[in-house]
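Reader: I am new to protein models. Please show me how to read one, feature by feature.

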Amino acid sequence: EPVEMVEVPVLRWADAGTMAALLETADPWTALQRQQTFTQGEQARRVKEFLNRWLTKRERELVILLVQTGLDNAGLAQRLGKKEQTVANQLTQIYRKFEEWRGFQGAGSRSVLLATLRPYVGDEI
């Protein structure tokens, strides 16, 4: 018999007040806009947590430069005054931490890291 996986939303207790505010409106469009604003704010908070709590200062500098410039390892190394192998080693550590932070294997790649962080990383270097 075929099995179908369905996504089940999980509401953290800390977010219950915000979600209750979404339910207060009878207009679905307004509720959707509120939900999108909430989701974007939550993702921004999580990205900030990843950058500030999961990464060392040097790793954070490297990630921010990578996200802002999209340089390859050689370009990053040159810009930071490091050896290319040092940058590669740091990125390997960053990808592992990112994968753990995201909570699933396969998340620790350059393209996923860039796609996830790019909307939230400003001109911080």
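**Rings and a charge**

Author: Start here: Arg46 lies over the face of Trp101, 4.5 Å from the ring centre. A charge sits over a ring if NZ of Lys or CZ of Arg is within 6 Å of the ring centre and within 35 degrees of the ring normal. This is a predicted model: local features need pLDDT of at least 70, side-chain atom pairs count only at pLDDT 80 or more, and totals for chains, interfaces and linings use all residues. Residues are numbered from 1 along each chain as its sequence is written, and side-chain values use heavy atoms, with hydrogens and water left out.

Reader: How many aromatic pairs does the structure hold?

Author: First, the general idea. A pair of aromatic rings is described by the distance of the centres and the angle of the planes. Rings of Phe, Tyr and Trp (its six-membered ring) pair if their centres lie within 6.5 Å; planes under 30 degrees apart count as stacked, over 60 as edge-to-face and the rest as tilted. The structure holds three such pairs. Take Phe50 and Phe98: the centres are 5.5 Å apart and the planes are at 70°, so this pair is edge-to-face. It links distant parts of the chain, since Phe50 is in helix 2 (residues 28-54) and Phe98 in helix 5 (residues 84-102), 48 residues apart. Helices here are DSSP runs (H or I, at least four residues), numbered from the N terminus. Ring pairs link Phe50, Phe98 and Trp101 into a cluster.

Reader: Is Phe50 buried or exposed?

Author: Buried means under 20% relative accessible area, exposed over 50%, and partly exposed in between (1.4 Å probe, protein chains only). Phe50 has 0% relative accessibility, so it counts as buried. Phe98 is buried too, with a relative accessible area of 0%.

Reader: What span should helix 5 have?

Author: The expected span is 1.5 Å times one less than the number of residues. Helix 5 has 19 residues, so it should span 27 Å. Its end C-alpha atoms are 26 Å apart, which agrees. Gly103 follows helix 5, and its phi is positive, near 90°. The buried residues of helix 5 include Val87, Gln90, Leu91 and Ile94.

Reader: Which residues touch the most other members of the largest nonpolar core?

Author: A nonpolar core is a set of buried Ala, Val, Leu, Ile, Met, Phe, Trp, Tyr and Cys residues joined through side-chain atoms within 4.5 Å. The largest one has 22 residues, and Phe50, Leu51, Leu91, Leu113 and Leu117 touch the most other members. Helix 2, helix 3 (57-69), helix 4 (73-80), helix 5 and helix 6 (110-117) each give two or more residues to this core. Contact means heavy atoms within 4.5 Å. Leaving out residues up to four places away in sequence, Leu91 touches Leu62, Leu66, Asn73, Leu76 and Arg110.

**Salt bridges**

Reader: How many salt bridges are there?

Author: A salt bridge is a side-chain nitrogen of Lys or Arg within 4 Å of a carboxyl oxygen of Asp or Glu. The count comes to two. Arg58 and Glu61 form one, at 3.1 Å from N to O. Both lie in helix 3, three residues apart, about one turn of the helix. Glu61 is partly exposed at 27%, and Arg58 is partly exposed at 45%.

Reader: Where are Glu59 and Lys97?

Author: Glu59 is in helix 3 and Lys97 in helix 5, 38 residues apart. Their salt bridge has its closest N and O atoms 2.7 Å apart. Both Glu59 and Lys97 are buried.
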